[in-house]
Amino acid sequence: MGLGRFVSSRLLPSEDPISESVLEWTVKRNSKDIRQLMRWLEESDGRKERLIFMNRALDLMDEIQHALVRLDELR
């Protein structure tokens, strides 16, 4: 994404500021949760536990991807 697109899109108000706020919160919260899951994954010795951590992180990444697409649609 070029700087010009970012600047012009941010000068205009969002079509839905409440949804935008929730989506931004989702990206930040999920990113934080993924970091924690990766720490636990690194420290874990159990194969089953590692798979649980990895699958949850992947689910959260899917949510982030969806949130980013929706944010692009709002802007």
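Author: R70 forms a salt bridge with E73, and their closest N and O atoms are 2.8 Å apart; a salt bridge here is a side-chain nitrogen of Lys or Arg within 4 Å of a carboxyl oxygen of Asp or Glu. Because R70 and E73 are three residues apart in helix 3, about one helical turn separates them. Helices (H or I, at least four residues) are DSSP runs, numbered from the N terminus. R70 is partly exposed, with a relative accessible area of 29%, and E73 is partly exposed too, at 48%. On this scale, buried means under 20% relative accessible area, exposed over 50%, and partly exposed in between, with a 1.4 Å probe and protein chains only.

A word on the source: this is a predicted model, in which local features need pLDDT of at least 70 and side-chain atom pairs count only at pLDDT 80 or more, while totals for chains, interfaces and linings use all residues. Residues are numbered from 1 along each chain as its sequence is written, and side-chain values use heavy atoms, with hydrogens and water left out.

The structure holds two salt bridges, so let us turn to D33 and R29. The closest N and O atoms of D33 and R29 are 2.7 Å apart. Both residues lie in helix 2, four residues apart, or about one turn of the helix. D33 is partly exposed at 23%, and R29 is partly exposed at 34%.

Helix 2 covers residues 17-43, and its 27 residues should span 39 Å at 1.5 Å a residue; the expected span is 1.5 Å times one less than the number of residues. The end C-alpha atoms are 39 Å apart, which agrees. The buried residues of helix 2 are E20, L23, T26, V27, N30, I34, L37 and L41.

Helix 2 also takes part in the one aromatic pair of the structure. The rings of W40 and F53 have their centres 5.7 Å apart and their planes at 45°, so the pair is tilted. Rings of Phe, Tyr and Trp (its six-membered ring) pair if their centres lie within 6.5 Å; planes under 30 degrees apart count as stacked, over 60 as edge-to-face and the rest as tilted. Since W40 lies in helix 2 and F53 in helix 3, the pair ties together parts 13 residues apart in sequence. W40 is partly exposed at 40%, whereas F53 is buried at 14%.

M54 is found in helix 3, residues 47-74. Leaving aside neighbours within four places in sequence, M54 is in contact (heavy atoms within 4.5 Å) with M38 and L41.

Methods:
Helix = DSSP H or I, 4+ residues; strand = E, 2+ residues; numbered from the N terminus.
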